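Hi everyone, thanks for making the time this morning. Let me put the structure up on the screen, and then we can walk through a few spots together.

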Amino acid sequence: MDVVIEVRDARIPLSTTHPLMDQWLGNRKRILVLNREDMISMADRNAWATYFAKQGTKVIFSNGQLGMGTMKLSRLAKALASDVNVKRRSKGLLPRAVRAGIVGYPNVGKSSLINRLLKRRMCPAAPRPGVTRVLKWVRFGKDLEFLDSPGIIPMRISDQAAAIKLAICDDIGERSYDVADVAAILVQMLARIPTVGITALQNRYKIDMDGTCGKTFVQKLALHLFNGDTHQAAFRILTDFRKGKFGWISLERPPR
């Protein structure tokens, strides 16, 4: 590959990169795509843009569902790999298309991004992890090729805080976590975010929140709306967050 495009979830950019990614890519030219930019605030977007710019990382914000950022991505990929055909010509070889590999965690929107670029459905995509199972080359015009790849995730995630955020954002399969536990932690996280807070949770579900105990809140919601079914109550909270019912917010901020 001439250039590697790593796609991450803009809500949790630090938690959606494989710990070995830098080692694997080495000195290859790299573009970082923060997908789902529509799910975070402008303040979050600006904070992450500044952070990665200081690191010297070329970053593009995108919305794979609507296609925002896709044309900028194709132009940057071709620009970064422009020396490929310069070298080929110097060796008497014919020019070829730039090869860009797209990598990232499951369900961060890699295939949707390619489909939006091509303006047609070339790669299977769905809002759940594990849809892409094979490597697939797709051509974009005459001078660019994309390699769509299955999501890669560590066999064991040692950082439990990252694992919880992956579960909250639906970037790992539901069978790998306890919905009630994850929802309880999400409630506690939302209660501490100034733009959400306890008041927003109470107003949405019409129940009081005693302190910041997420588990108690999930149990109260279960009794209030779901005849005591905590799984259903937890799933409602997670779904509401994923649909932006508490506002579009990032669960991570750039390190200081």
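Before anything else, please keep in mind that this is a predicted model. Is it buried, partly exposed or exposed? Asp143 has a relative accessibility of 39%, so it counts as partly exposed; the cut-offs here are under 20% for buried and over 50% for exposed.

What does Asp143 pair with? Its side chain meets that of Lys78 in a salt bridge, with 3.7 Å from N to O. Lys78 sits in helix 3, residues 70–80, while Asp143 is in the loop between strand 5 (136–140) and strand 6 (144–148), so this pair ties together parts that are 65 residues apart in sequence. Lys78 is partly exposed too, at a relative accessible area of 27%.

Now compare that with a local pair. Asp83 makes a salt bridge with Lys87, and the closest N and O atoms there are 3.7 Å apart. Both of these residues belong to helix 4 (residues 83–90), 4 residues apart, which is about one turn of the helix. For the geometry behind that, recall that an α-helix has 3.6 residues a turn, so residues three or four places apart point the same way. Asp83 is partly exposed, with a relative accessible area of 26%.

Salt bridges that share partners also join Glu6, Arg8, Asp22 and Arg30 into one network. And there is a pair away from the surface: Arg11 and Asp9 are both buried, and they form a salt bridge whose closest N and O atoms are 2.8 Å apart. How many salt bridges are there in total? The count comes to 15.

Let's move over to the helices. The axes of helix 6, residues 160–168, and helix 7, residues 179–192, come within 10 Å and cross at roughly 95°. The two helices are therefore roughly perpendicular to each other. On the helix 6 side, the contact is made by Ile164, Lys165, Ala167 and Ile168, and on the helix 7 side by Val182, Ile185, Leu186 and Met189. Sorted by type, the residues of this contact are 7 nonpolar, no polar and 1 charged.

Which residues of helix 6 are buried? They are Ala162, Ala163, Lys165, Leu166, Ala167 and Ile168. Among the elements covering these buried residues are helix 7 and helix 10, the latter spanning 230–242.

Just past the end of helix 6, have a look at Asp170, which takes a positive phi of about 65°. The backbone oxygen of Asp170 lies 2.5 Å from a polar atom of the Asn107 side chain. Where is Asn107? It is found in the loop between strand 4 (98–104) and helix 5 (110–118). Asn107 has a relative accessible area of 11%, so it is buried.

Let me finish by zooming out. The protein has 10 helices and 6 strands, and 49% of its 256 residues are buried. Taking contacts between residues at least 6 apart in sequence, 65% join residues at least 24 apart. The pair of Lys78 and Asp143, which we started with, links parts 65 residues apart in sequence.

That's my tour, and I'm happy to go back to any of these spots with you.

Methods:
Residues are numbered from 1 along each chain as its sequence is written. This is a predicted model: local features need pLDDT of at least 70, side-chain atom pairs count only at pLDDT 80 or more; totals for chains, interfaces and linings use all residues. Side-chain values use heavy atoms; hydrogens and water are left out. Axes are lines fitted to C-alpha atoms, for helices over the stretch in contact, and angles run from 0 to 180 degrees between N-to-C directions. Angles under 35 degrees count as roughly parallel, over 145 as roughly antiparallel, 65 to 115 as roughly perpendicular and the rest as oblique. Contact means heavy atoms within 4.5 Å. Ala, Val, Leu, Ile, Met, Phe, Trp, Tyr, Cys and Pro count as nonpolar, Asp, Glu, Lys and Arg as charged, and the others, Gly among them, as polar. Buried means under 20% relative accessible area, exposed over 50%, partly exposed in between (1.4 Å probe, protein chains only). A polar contact is a pair of N or O atoms within 3.5 Å; within protein, one must be able to donate a hydrogen and the other to accept it, and residues adjacent in sequence count only if both atoms are side-chain atoms. A salt bridge is a side-chain nitrogen of Lys or Arg within 4 Å of a carboxyl oxygen of Asp or Glu.
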